[in-house]
Amino acid sequence: MAMFFKGDKVEACSKEEGFLGSYYQAKILSPLNNNTLYGVQYKNLVEEEDQTRPLVEIVSADEVRPVPPPVTFTKATQVFHYLDSVDAFDNDGWWVGKSTGRQGSKYWVYFGTTRDEIAYPVSRLRHHLEWRDGHWITSNNTF
């Protein structure tokens with residue numbers, strides 16, 4: 001498990017019903033309880049009571065990962081094949097789904113948690129990566 005420090009940019013995943021499979025950009029405010037918990041401030045989520053203030057939460061260390069490496073857009077990185085695991089940026093976060101087809105310049109993505117299938121422009125998609133043992137893993141490669 002990675003150790004994070006105050007100011008580190010991260011992504012926090014949600015384990016709440018309705019938000020499973022989503023990752024939100026955040027920064028570490030403070031490590032807590034011997035790095036088993038982190039105080040995070042979200043980049044795109046706001047407090048319910050005061051929507052001018054960024055949402056701050058305490059999250060478990062297993063819900064936090066580094067920000068994935070930036071994607072350099074080339075013709076190769078803009079191609080998603082049938083059933084590729086992808087992340088789609090929607091509702092202020094990255095949601096994990098499967099590429100199910102292409103229509104013009106948009107790709108269709110199926111989300112197993114909600115059973116929705118939505119078309120996205122390539123600018124709102126990235127190949128899904130998992131953070132395991134200090135490395136980024138895809139279905140085919142390690143970063």
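## Domain layout

The protein chain of this predicted model is divided into two parts, with domain 1 covering residues 8-66 and domain 2 covering residues 84-138. Taken over C-alpha atoms, the centres of domain 1 and domain 2 are separated by 20 Å.

## Extent of the interface

Where the domains meet, 13 residues of domain 1 are in contact with 15 residues of domain 2. The size of an interface is often given as the accessible area lost when the parts come together. Between domain 1 and domain 2 the buried area is about 1,100 Å², and carbon and sulfur atoms give 53% of that area. On the side of domain 1, the residues that lose the most area to domain 2 are Y23, R65 and P66, which together account for 42% of what that side buries.

## Polar links and the domain 1 face

The rule finds one salt bridge across the interface of domain 1 and domain 2. The side chains of R126 and E11 form a salt bridge, with an N to O distance of 3.1 Å. Three residue pairs in polar contact are also found across the interface of domain 1 and domain 2, both residues of each pair being at pLDDT 80 or more.

As for secondary structure, the side of domain 1 that touches domain 2 receives at least two residues from each of β2 (22-32), β3 (37-46) and β5 (64-66). The largest share of that side, four residues, comes from β2. Sorted by class, the side of domain 1 that touches domain 2 has six nonpolar residues, five polar residues and two charged residues.

## Salt bridges in the whole structure

Over the structure there are four salt bridges. One of them joins the side chains of E11 and R65, at 2.9 Å from N to O. Because E11 lies in strand β1 (residues 9-13) and R65 lies in strand β5, this pair ties together parts that are 54 residues apart in sequence.

## Aromatic pairs

A search of the whole structure finds eight aromatic pairs. For Y24 and Y42, the ring centres are 6.4 Å apart and the ring planes stand at 90 degrees, so the pair is edge-to-face. This pair links distant parts of the chain, since Y24 is in strand β2 and Y42 is in strand β3, 18 residues apart.

Terms used
Residues are numbered from 1 along each chain as its sequence is written. This is a predicted model: local features need pLDDT of at least 70, side-chain atom pairs count only at pLDDT 80 or more; totals for chains, interfaces and linings use all residues. Side-chain values use heavy atoms; hydrogens and water are left out. Domain bounds come from an automatic or database domain assignment. Contact means heavy atoms within 4.5 Å. Buried area is the accessible area (1.4 Å probe) that two parts lose on being put together, summed over both. A polar contact is a pair of N or O atoms within 3.5 Å; within protein, one must be able to donate a hydrogen and the other to accept it, and residues adjacent in sequence count only if both atoms are side-chain atoms. Ala, Val, Leu, Ile, Met, Phe, Trp, Tyr, Cys and Pro count as nonpolar, Asp, Glu, Lys and Arg as charged, and the others, Gly among them, as polar. Rings of Phe, Tyr and Trp (its six-membered ring) pair if their centres lie within 6.5 Å; planes under 30 degrees apart count as stacked, over 60 as edge-to-face and the rest as tilted.
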